[in-house]
Amino acid sequence: MRVLSGIQPTGRPHWGNYFGAIRQYIDLQENNDGFYFIADLHALTTVRHPDQLRQNVIDTALDMLALGLDPNKATLFVQSQIPEVTELTWLLMTGTPMGLLERCHAYKDKKEKGLSADAGLFTYPVLMAADILAYDSQIVPVGADQIQHIEVCRDLVGSFHHTFGETFVLPKAKTLDVGAKVPGTDGQKMSKSYDNTLPLFGDVKKIRKQIMRIVTDSRPMEDPKEPEGDHLFELYQLFATPAEVEAMAAKYRAGGFGYGEIKKAVAEVSETHFETARTRRDELEKDLDSVRDILDAGAKRAREVAAAVVDRARTACGLR
Ligand code: TYM
């Protein structure tokens, strides 16, 4: 199966990116043909500092490799190195109803807040559809927040086929039961734009401090409490074994312990969980040329696939 997904280099990947998406990339690279990319063209809608963008791209590649993405099993590349994708974006855009894009949440949220949006943000889902379609992708592993965009992609396939005949592979989103919507330090969805993220890498002491500052309700934890729906419990669940989760749930229900205790537990399990990846990242960082080689080789492979698909689409539309 062709599996494809992308992540924006808008900052450092966080727990939500890992548990919702990157963890799936790594599992799926075993028995599939995985194509994973760093969506720098998408990031241009928010990052307007060239040096920062360049650094974010390398950091994101390092993070993905350190977490276990294996370039011998999967293809890792940078979106903008495949110009065929932007060409396909145009072909798709000529048949995209405005109303479809007006309903998309990134644009809608910004507009509702009274902020002015640019055409890049408005047409963002079409570029994402081109990303998916350019590689004949069948499965797209993502967090819950991307499902709407994959639905738009499926709609665009339907209308393109209706107009020009069968051309693309119809993709399907894949989300996990636990991890599709990881909460942030304020209990809302963890997101770089809400400033509530917990990073995967970085200074352990600083991360511990961020965990200890996670917002909780004012009910005394000594009172018995339902674990379901509690964001600290949800975070704990991402790392702990089923037995540990059960034990923690029992503590919640019995009452008599403070939020500080579960915060400490989250800090400990998370540190242990990412320990190997942290060591691996330090190693990889010493040889950035190899990381660049991995990205170049990935782009070469991805471009061959995209060129054939986009050729198919060009012919279907009647272009020379
Ligand atoms: P991005 O960069 O916002 O996020 C990358 C992946 O992480 C997932 N994710 C989460 N999952 C669970 N809980 C959270 N709190 C959380 N926050 C983020 C996202 O769902 C995503 O899977 N538009 C995409 C990038 C993209 C893409 C594509 C994805 C561009 N082209 C083609 C798939 C296919 C985005 O902004 O992801």
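This is a short walk through one predicted protein model, from its overall build to a few single residues.

Okay, two bits of housekeeping. Residues are counted from 1 along each chain, in the order its sequence is written. The model is predicted, so local features need a pLDDT of at least 70 and side-chain atom pairs count only at pLDDT 80 or more, while totals for chains, interfaces and linings use all residues.

Let's start with the whole chain. Along its principal axes, the C-alpha trace spans about 70 × 45 × 40 Å.

How much of the chain is buried? Of the 320 residues, 38% are. Buried here means 20 or more other C-beta atoms within 10 Å of the residue's own, exposed means 12 or fewer, and partly exposed is in between, with C-beta atoms placed from the backbone.

Now the domains. Domain 1 takes in 2-181 + 288-317, and domain 2 is 202-273; those bounds come from an automatic or database domain assignment. Taken over C-alpha atoms, the centres of domain 1 and domain 2 are 33 Å apart.

Next, have a look at the strands. β1 and β2 pair in the parallel sense over six bridges, where pairing means that DSSP finds at least two bridges between two strands. R2 stands opposite D33 in β2, and I7 has I38 of β2 as its bridge partner. On its other pairing, β2 (residues 33-38) runs parallel with β3 over four bridges. One of the contacts there joins Y36 to L76 in β3.

Are these strands buried or exposed? β1 is mostly covered, with five of its six residues buried. Five of the six residues of β2 are buried too, so β2 is largely enclosed by the rest of the structure. In β3 (residues 75-78), T75 and F77 point one way, L76 and V78 point the other way, and all are buried.

On to the ligand. Which residues are closest to it? They are G6, Q8, G16, G20 and G143, out of 25 residues that surround the ligand. To count as near, a residue needs its C-beta atom, placed from the backbone, within 6 Å of the molecule or strand in question. The elements giving two or more residues to this shell are β1 (2-7), α1 (15-28) and α7 (119-133). α1 gives the most, with four residues.

By type, the shell splits into 10 nonpolar, 11 polar and four charged residues.

An unreviewed UniProt entry annotates residues 9-17 as a short sequence motif, the 'HIGH' region. UniProt positions are in the numbering used here, feature names are shortened, and annotations may be inferred rather than shown by experiment. Over residues 9-17 the chain is 33% helix and 0% strand, with the end C-alpha atoms 11 Å apart.

Most residues other than glycine have a negative phi. D136, though, has a phi near 50°. D136 lies in the loop between α7 and β4 (139-141), and is partly exposed, with 18 other C-beta atoms within 10 Å. D195 has a positive phi as well, about 60°. D195 lies in the loop between β5 (172-174) and α9 (204-212), and is exposed, with 10 other C-beta atoms within 10 Å.

Last stop, two helix residues. E304 is in α14 (residues 288-317), and counts as exposed because it has 11 C-beta neighbours inside 10 Å. Between E304 and K113 there are 42 Å, C-alpha to C-alpha, and 191 residues in sequence. T86 lies in α4 (residues 83-93), and is partly exposed, with 15 other C-beta atoms within 10 Å. The C-alpha atoms of T86 and Y18 are 27 Å apart, with the two residues 68 apart along the chain.

Methods. Nonpolar A, V, L, I, M, F, W, Y, C, P; charged D, E, K, R; others polar.
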